Amino acid sequence: MQNPYLELKDLTIRFGHGASGVVAVQQAEFAIEEGESYGLIGESGCGKSTILRAIAGLNPHYEGRILLDGTELPKQRGKALFRKMQMVFQDPYASLHPRKMVQNVLIEPLQIMGMDRKQERIDAILSDVGLDAGFRYRFPHELSGGQRQRIAIARTLIVEPRLLLLDEPTSALDVSVQAEILNLLNRLRRDRGLTYLMVSHDIAVIAHMCDRIAIMKDGRMLEKLTSQQVRSGAVTEDYTREFLAASAPAVAREAAQAG
Ligand SMILES: Nc1ncnc2c1ncn2[C@@H]1O[C@H](COP(=O)(O)OP(=O)(O)OP(=O)(O)O)[C@@H](O)[C@H]1O
(Lines give C-alpha, C1' and ligand atoms only; values in the text may rest on other atoms or scores of the structure.)
Protein backbone atom coordinates (compact mmCIF):
# COMPACT_ATOMS: atom_id res chain seq x y z
CA MET A 1 0.00 0.00 0.00
CA GLN A 2 1.49 3.32 -1.10
CA ASN A 3 0.02 5.90 1.27
CA PRO A 4 -1.86 4.28 4.15
CA TYR A 5 -4.12 6.62 6.11
CA LEU A 6 -3.76 4.83 9.44
CA GLU A 7 -0.82 2.61 10.23
CA LEU A 8 0.22 0.64 13.32
CA LYS A 9 3.82 -0.45 13.59
CA ASP A 10 4.86 -2.97 16.20
CA LEU A 11 2.28 -1.82 18.77
CA THR A 12 2.71 -3.43 22.20
CA ILE A 13 0.65 -2.47 25.24
CA ARG A 14 1.16 -3.76 28.80
CA PHE A 15 -0.87 -3.24 31.94
CA GLY A 16 0.80 -3.61 35.33
CA HIS A 17 4.25 -4.98 36.04
CA GLY A 18 5.96 -8.25 36.86
CA ALA A 19 4.04 -11.45 37.53
CA SER A 20 0.70 -9.64 37.80
CA GLY A 21 1.26 -7.70 34.56
CA VAL A 22 -0.66 -8.37 31.34
CA VAL A 23 0.58 -7.94 27.78
CA ALA A 24 -2.75 -6.87 26.29
CA VAL A 25 -1.41 -6.21 22.76
CA GLN A 26 1.72 -7.73 21.21
CA GLN A 27 3.39 -6.35 18.10
CA ALA A 28 0.17 -5.46 16.33
CA GLU A 29 0.57 -4.09 12.81
CA PHE A 30 -1.74 -3.01 10.03
CA ALA A 31 -2.10 -0.35 7.36
CA ILE A 32 -5.49 1.04 6.34
CA GLU A 33 -6.17 3.04 3.21
CA GLU A 34 -8.25 6.20 3.17
CA GLY A 35 -11.93 5.28 2.68
CA GLU A 36 -11.37 1.68 3.75
CA SER A 37 -13.24 -0.10 6.53
CA TYR A 38 -11.02 -2.37 8.62
CA GLY A 39 -12.24 -4.76 11.32
CA LEU A 40 -10.64 -6.22 14.43
CA ILE A 41 -12.32 -9.34 15.68
CA GLY A 42 -11.67 -11.83 18.47
CA GLU A 43 -12.86 -13.15 21.80
CA SER A 44 -13.40 -10.95 24.82
CA GLY A 45 -10.06 -9.87 26.30
CA CYS A 46 -7.97 -10.38 23.13
CA GLY A 47 -6.95 -6.71 23.06
CA LYS A 48 -9.28 -5.14 20.48
CA SER A 49 -10.48 -2.20 22.57
CA THR A 50 -6.99 -1.60 23.94
CA ILE A 51 -5.77 -0.98 20.37
CA LEU A 52 -8.62 1.45 19.64
CA ARG A 53 -8.04 3.35 22.88
CA ALA A 54 -4.34 3.79 22.11
CA ILE A 55 -5.12 5.08 18.61
CA ALA A 56 -7.75 7.45 20.03
CA GLY A 57 -5.22 8.91 22.48
CA LEU A 58 -7.00 7.53 25.56
CA ASN A 59 -3.97 5.48 26.63
CA PRO A 60 -0.51 6.93 25.98
CA HIS A 61 1.31 3.96 27.54
CA TYR A 62 2.22 2.00 24.44
CA GLU A 63 5.34 0.90 22.60
CA GLY A 64 5.57 1.09 18.83
CA ARG A 65 4.25 3.68 16.44
CA ILE A 66 0.86 4.91 15.29
CA LEU A 67 0.84 6.96 12.08
CA LEU A 68 -2.01 9.03 10.68
CA ASP A 69 -1.70 10.25 7.12
CA GLY A 70 2.03 9.46 7.17
CA THR A 71 2.80 11.34 10.39
CA GLU A 72 3.56 9.64 13.70
CA LEU A 73 0.99 10.57 16.35
CA PRO A 74 2.32 12.10 19.54
CA LYS A 75 1.34 10.37 22.79
CA GLN A 76 -0.37 13.55 24.01
CA ARG A 77 -2.94 14.55 21.44
CA GLY A 78 -3.96 18.08 20.57
CA LYS A 79 -7.34 19.39 19.43
CA ALA A 80 -6.47 19.14 15.73
CA LEU A 81 -6.16 15.35 16.01
CA PHE A 82 -9.50 14.98 17.78
CA ARG A 83 -11.05 16.79 14.85
CA LYS A 84 -9.57 14.27 12.39
CA MET A 85 -10.34 11.15 14.40
CA GLN A 86 -13.38 10.39 16.55
CA MET A 87 -14.47 7.35 18.55
CA VAL A 88 -17.97 5.83 18.82
CA PHE A 89 -18.48 3.82 22.00
CA GLN A 90 -20.44 0.67 22.62
CA ASP A 91 -23.03 1.93 25.03
CA PRO A 92 -25.13 4.90 23.90
CA TYR A 93 -26.78 4.94 27.35
CA ALA A 94 -23.48 5.61 29.12
CA SER A 95 -22.00 7.93 26.50
CA LEU A 96 -24.69 10.68 26.59
CA HIS A 97 -25.02 12.96 29.62
CA PRO A 98 -28.53 12.39 31.06
CA ARG A 99 -29.25 16.08 31.70
CA LYS A 100 -28.02 17.48 28.38
CA MET A 101 -30.52 18.26 25.65
CA VAL A 102 -29.52 16.91 22.21
CA GLN A 103 -28.71 20.38 20.85
CA ASN A 104 -26.30 20.95 23.73
CA VAL A 105 -24.67 17.55 23.12
CA LEU A 106 -24.12 18.58 19.50
CA ILE A 107 -23.03 22.18 20.04
CA GLU A 108 -20.29 21.26 22.51
CA PRO A 109 -17.81 19.76 20.01
CA LEU A 110 -18.43 22.72 17.66
CA GLN A 111 -17.55 25.13 20.47
CA ILE A 112 -14.44 23.16 21.43
CA MET A 113 -13.23 23.14 17.82
CA GLY A 114 -14.22 26.79 17.25
CA MET A 115 -16.43 25.96 14.27
CA ASP A 116 -18.90 28.43 12.72
CA ARG A 117 -22.55 28.05 11.53
CA LYS A 118 -23.41 25.97 14.59
CA GLN A 119 -27.20 25.89 14.25
CA GLU A 120 -27.01 25.05 10.55
CA ARG A 121 -24.54 22.23 11.24
CA ILE A 122 -26.77 20.77 13.97
CA ASP A 123 -29.81 20.62 11.66
CA ALA A 124 -27.72 19.12 8.85
CA ILE A 125 -26.14 16.41 10.98
CA LEU A 126 -29.48 15.41 12.55
CA SER A 127 -30.89 14.96 9.07
CA ASP A 128 -27.79 12.97 7.99
CA VAL A 129 -28.31 10.48 10.83
CA GLY A 130 -32.01 10.14 10.01
CA LEU A 131 -33.56 12.29 12.76
CA ASP A 132 -35.80 15.32 12.22
CA ALA A 133 -34.97 18.77 13.59
CA GLY A 134 -37.36 18.32 16.56
CA PHE A 135 -34.86 15.90 18.15
CA ARG A 136 -32.77 18.97 19.10
CA TYR A 137 -35.00 19.52 22.10
CA ARG A 138 -35.05 15.98 23.45
CA PHE A 139 -33.19 14.61 26.45
CA PRO A 140 -31.49 11.19 26.35
CA HIS A 141 -34.27 9.54 28.42
CA GLU A 142 -36.72 10.53 25.69
CA LEU A 143 -34.74 8.58 23.07
CA SER A 144 -34.66 4.89 22.14
CA GLY A 145 -31.32 3.02 22.12
CA GLY A 146 -31.06 3.36 18.33
CA GLN A 147 -31.86 7.09 18.47
CA ARG A 148 -29.22 7.56 21.16
CA GLN A 149 -26.61 5.85 19.04
CA ARG A 150 -27.63 8.08 16.10
CA ILE A 151 -27.00 11.12 18.32
CA ALA A 152 -23.66 9.67 19.46
CA ILE A 153 -22.69 9.19 15.79
CA ALA A 154 -23.91 12.74 14.96
CA ARG A 155 -21.77 14.12 17.79
CA THR A 156 -18.65 12.54 16.30
CA LEU A 157 -19.42 13.50 12.69
CA ILE A 158 -20.37 17.12 13.37
CA VAL A 159 -16.67 18.08 13.53
CA GLU A 160 -16.10 16.43 10.13
CA PRO A 161 -13.51 13.79 11.06
CA ARG A 162 -11.91 11.55 8.44
CA LEU A 163 -11.47 8.48 10.64
CA LEU A 164 -14.03 6.83 12.95
CA LEU A 165 -12.95 4.34 15.59
CA LEU A 166 -16.00 2.18 16.25
CA ASP A 167 -15.94 0.07 19.43
CA GLU A 168 -18.77 -2.49 19.16
CA PRO A 169 -21.18 0.30 18.12
CA THR A 170 -24.27 -1.92 17.97
CA SER A 171 -23.70 -4.60 20.60
CA ALA A 172 -25.74 -2.76 23.27
CA LEU A 173 -28.73 -2.40 20.91
CA ASP A 174 -31.73 -4.63 20.20
CA VAL A 175 -31.12 -6.96 17.28
CA SER A 176 -33.86 -5.25 15.26
CA VAL A 177 -32.06 -1.89 15.56
CA GLN A 178 -28.52 -3.18 14.96
CA ALA A 179 -28.92 -3.53 11.19
CA GLU A 180 -30.37 -0.01 10.92
CA ILE A 181 -27.34 1.50 12.64
CA LEU A 182 -24.87 -0.61 10.63
CA ASN A 183 -26.53 0.43 7.39
CA LEU A 184 -26.47 4.06 8.51
CA LEU A 185 -22.73 3.77 9.25
CA ASN A 186 -22.13 2.19 5.83
CA ARG A 187 -24.03 4.98 4.08
CA LEU A 188 -22.21 7.71 6.01
CA ARG A 189 -18.85 6.16 5.11
CA ARG A 190 -19.76 6.08 1.43
CA ASP A 191 -21.22 9.59 1.35
CA ARG A 192 -18.37 11.21 3.28
CA GLY A 193 -15.42 9.07 2.14
CA LEU A 194 -14.71 8.14 5.78
CA THR A 195 -12.19 5.58 6.98
CA TYR A 196 -13.42 3.13 9.65
CA LEU A 197 -11.59 0.97 12.15
CA MET A 198 -14.19 -1.21 13.82
CA VAL A 199 -14.00 -3.65 16.71
CA SER A 200 -16.50 -6.45 17.26
CA HIS A 201 -16.75 -9.99 18.54
CA ASP A 202 -19.53 -10.63 16.01
CA ILE A 203 -18.26 -11.96 12.68
CA ALA A 204 -21.58 -11.23 10.94
CA VAL A 205 -21.25 -7.55 11.86
CA ILE A 206 -17.60 -7.32 10.81
CA ALA A 207 -18.13 -9.21 7.53
CA HIS A 208 -21.05 -6.87 6.68
CA MET A 209 -19.09 -3.72 7.47
CA CYS A 210 -15.42 -4.30 6.68
CA ASP A 211 -13.29 -4.74 3.57
CA ARG A 212 -10.45 -6.36 5.52
CA ILE A 213 -10.34 -8.07 8.89
CA ALA A 214 -7.67 -9.02 11.44
CA ILE A 215 -8.45 -11.98 13.72
CA MET A 216 -6.94 -11.39 17.17
CA LYS A 217 -5.95 -13.92 19.81
CA ASP A 218 -4.19 -13.21 23.12
CA GLY A 219 -3.12 -9.73 22.05
CA ARG A 220 -1.73 -10.83 18.68
CA MET A 221 -3.05 -10.41 15.17
CA LEU A 222 -3.21 -14.03 14.22
CA GLU A 223 -4.53 -13.82 10.69
CA LYS A 224 -5.53 -11.09 8.26
CA LEU A 225 -8.30 -11.75 5.76
CA THR A 226 -10.56 -9.97 3.31
CA SER A 227 -14.28 -10.16 4.08
CA GLN A 228 -14.59 -12.26 0.92
CA GLN A 229 -12.09 -14.78 2.35
CA VAL A 230 -14.10 -14.90 5.58
CA ARG A 231 -17.30 -15.52 3.65
CA SER A 232 -15.78 -18.20 1.45
CA GLY A 233 -13.94 -19.83 4.34
CA ALA A 234 -10.49 -19.32 2.84
CA VAL A 235 -8.78 -19.19 6.25
CA THR A 236 -5.45 -20.74 7.19
CA GLU A 237 -5.42 -20.85 10.99
CA ASP A 238 -7.37 -23.54 12.90
CA TYR A 239 -8.18 -20.97 15.57
CA THR A 240 -9.87 -18.75 12.98
CA ARG A 241 -11.92 -21.68 11.74
CA GLU A 242 -12.97 -22.54 15.30
CA PHE A 243 -13.74 -18.91 16.08
CA LEU A 244 -15.93 -18.65 12.99
CA ALA A 245 -17.63 -21.93 13.91
CA ALA A 246 -18.43 -20.68 17.39
CA SER A 247 -19.63 -17.24 16.38
CA ALA A 248 -21.47 -17.76 13.12
CA PRO A 249 -22.65 -21.23 12.16
CA ALA A 250 -23.50 -20.21 8.58
CA VAL A 251 -20.06 -18.71 7.94
CA ALA A 252 -18.44 -21.74 9.57
CA ARG A 253 -20.31 -24.20 7.36
CA GLU A 254 -18.90 -22.45 4.32
CA ALA A 255 -15.44 -22.46 5.94
CA ALA A 256 -15.64 -26.18 6.69
CA GLN A 257 -16.74 -26.95 3.13
CA ALA A 258 -13.92 -24.89 1.71
CA GLY A 259 -11.36 -26.00 4.14
N1 LIG B 1 -7.01 -0.55 32.20
C2 LIG B 1 -6.60 -1.83 32.27
N3 LIG B 1 -5.89 -2.31 33.32
C4 LIG B 1 -5.47 -3.59 33.38
N5 LIG B 1 -5.74 -4.50 32.42
C6 LIG B 1 -6.47 -4.11 31.37
C7 LIG B 1 -6.94 -2.77 31.23
N8 LIG B 1 -7.63 -2.67 30.05
C9 LIG B 1 -7.60 -3.89 29.49
N10 LIG B 1 -6.90 -4.76 30.27
C11 LIG B 1 -6.61 -6.17 29.96
O12 LIG B 1 -6.08 -6.22 28.65
C13 LIG B 1 -6.59 -7.34 27.94
C14 LIG B 1 -7.28 -6.89 26.67
O15 LIG B 1 -8.48 -6.19 27.00
P16 LIG B 1 -9.43 -5.51 25.90
O17 LIG B 1 -10.52 -4.79 26.63
O18 LIG B 1 -8.62 -4.73 24.95
O19 LIG B 1 -10.03 -6.76 25.16
P20 LIG B 1 -11.21 -6.82 24.12
O21 LIG B 1 -10.78 -7.77 23.08
O22 LIG B 1 -11.58 -5.46 23.66
O23 LIG B 1 -12.37 -7.45 24.97
P24 LIG B 1 -13.90 -7.01 25.12
O25 LIG B 1 -14.56 -7.45 23.86
O26 LIG B 1 -14.37 -7.79 26.31
O27 LIG B 1 -13.91 -5.53 25.34
C28 LIG B 1 -7.49 -8.09 28.92
O29 LIG B 1 -6.72 -9.10 29.54
C30 LIG B 1 -7.88 -7.02 29.90
O31 LIG B 1 -8.16 -7.59 31.17
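Me: Which helix gives the largest share of the shell around the ligand?
Reply: H1 does, with three residues. Helices and strands here are DSSP runs, numbered from the N terminus (H or I, at least four residues, for a helix; E, at least two, for a strand). This is a predicted model: local features need pLDDT of at least 70, side-chain atom pairs count only at pLDDT 80 or more, and totals for chains, interfaces and linings use all residues. Residues are numbered from 1 along each chain as its sequence is written.

Me: Which residues are around the ligand?
Reply: They are Phe15, Val22, Ala24, Gly42, Ser44, Gly45, Cys46, Gly47, Lys48, Ser49, Thr50 and His201.

Me: How does the shell around the ligand divide by class?
Reply: It has four nonpolar, seven polar and one charged residues. Ala, Val, Leu, Ile, Met, Phe, Trp, Tyr, Cys and Pro count as nonpolar; Asp, Glu, Lys and Arg as charged; the others, Gly among them, as polar.

Me: Is H1 mostly covered or mostly uncovered?
Reply: H1 is mostly covered, with seven of its nine residues buried. Buried takes 20 or more other C-beta atoms within 10 Å of the residue's own, exposed takes 12 or fewer, and partly exposed lies in between, with C-beta atoms placed from the backbone. The buried residues of H1 are Lys48, Ser49, Thr50, Ile51, Leu52, Ala54 and Ile55. Just after H1, Gly57 has a positive phi of about 90°.

Me: How do H6 and H7 pack?
Reply: Two packed helices are described by the angle between their axes and the distance between the axes. For H6 (residues 145–157) and H7 (residues 175–192), the angle is about 20° and the axes are 10 Å apart. Axes are lines fitted to C-alpha atoms, for helices over the stretch in contact, and angles run from 0 to 180 degrees between N-to-C directions. H6 and H7 are therefore roughly parallel. Angles under 35 degrees count as that, over 145 as roughly antiparallel, 65 to 115 as roughly perpendicular and the rest as oblique.

Me: Which residues make the contact of H6 and H7?
Reply: H6 brings Gly145, Gly146, Gln149, Arg150 and Leu157, and H7 brings Val177, Glu180, Ile181, Leu184 and Leu188. Contact means C-beta atoms, placed from the backbone, within 7 Å. By class, these residues are five nonpolar, three polar and two charged.

Me: At what angle do H4 and H5 pack?
Reply: H4 (residues 102–112) and H5 (residues 118–128) pack at about 120°, with their axes 10 Å apart. That makes H4 oblique to H5. Gln103, Leu106, Ile107 and Leu110 of H4 meet Lys118, Arg121, Ile122 and Ile125 of H5. The classes are five nonpolar, one polar and two charged.

Me: Is Ile107 buried or exposed?
Reply: Ile107 is buried, with 20 other C-beta atoms within 10 Å. Not counting residues up to four places away in sequence, Ile107 touches Lys118 and Ile122.

Terms used:
Two residues are in contact if their C-beta atoms, placed from the backbone, lie within 7 Å. A residue is near a molecule or strand if its C-beta atom, placed from the backbone, lies within 6 Å of it.
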